[in-house]
Amino acid sequence: MRSSPSLVPADRLDRDIYLVLEDFGARAGCAWRETDEADTDLETILQNLLSGQYAYPVRIVSFNPVEGWSRDATSDVADALAQRASDTDTEVSSALQAFIAANATRSFDMQLALPLRGIA
């Protein structure tokens, strides 16, 4: 007997998915950010973090529902962010610098972006 093909494309399920826990402050607390399914891959998460889409990231988890695993990917993402910022000379917000400093497993030479006051 021939089996029917799945209605759900395989590539939608069989990949690593990343979600970001963000701190929204004392009144709102932490929450998992609502994210479009297409924006849950590692590359998009890195781009969104570097571009300021997440103001105060706290933790990043990764999971693969087909393979049946989940893990804390916070340090891996912090390392990747620091490397990307270093390689591309991307300006990193102070909150993201704090996230990298608290979670990276390697040391990176990052130039802090300091605001210049009184310069026209």
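Against which elements do the buried residues of α3 pack? In this predicted model, the buried residues of α3 pack against the strands β1 (17-23), β3 (57-64) and β4 (69-72), and against the helices α2 (42-50) and α4 (94-103). The buried residues in question are Thr74, Val77, Ala78, Asp79, Leu81, Ala82 and Ala85. Helix α3 itself covers residues 74-88, 15 residues in total. From its first C-alpha to its last, α3 reaches 21 Å, close to the 21 Å expected at 1.5 Å a residue. Just after α3 comes aspartate 89, which takes a positive phi of about 55°.

Two packed helices are described by the angle between their axes and the distance between the axes. For α2 and α3, the axes come within 10 Å and cross at roughly 65°. The crossing of these two helices, α2 and α3, is right-handed. On the α2 side, the residues that meet α3 are Leu42, Glu43, Leu46, Gln47, Leu49 and Leu50. Their counterparts in α3 are Val77, Ala80, Leu81, Arg84 and Ala85. By class, this contact has eight nonpolar residues, one polar residue and two charged residues. Val77, Leu81 and Ala85 of α3 are among the residues that meet α2, and Val77, Leu81 and Ala85 are also among the buried residues of α3.

Helix α2 also holds threonine 44. Threonine 44 has a relative accessible area of 15% and is therefore buried, the cut-off being under 20%. Leaving aside residues up to four places away in sequence, threonine 44 touches Ala38 and Asp39.

The strands form an open sheet of four, in the order β2-β1-β3-β4, with antiparallel pairing. At the edges of this sheet lie β2 (30-32) and β4, each of which pairs on one side only. Neighbouring strands of the sheet are turned against each other by 20° on average, direction ignored. Within the sheet, β1 and β3 run antiparallel and are joined by six bridges. Tyrosine 18 has serine 62, in β3, as its bridge partner.

Conventions
Residues numbered from 1 in each chain as written. Predicted model: local features only at pLDDT ≥ 70, side-chain atom pairs only at ≥ 80, totals over all residues. Heavy atoms only, no water. Expected span 1.5 Å × (residues − 1). Buried < 20%, exposed > 50% of the residue type's maximum accessible area, 1.4 Å probe, protein only. Contact = heavy atoms within 4.5 Å. Pairing = 2+ DSSP bridges. Axes fitted to C-alpha atoms, helices over the stretch in contact; angles between N-to-C directions. Left-handed = near helix turned anticlockwise from the far one by under 90°. Nonpolar A, V, L, I, M, F, W, Y, C, P; charged D, E, K, R; others polar.
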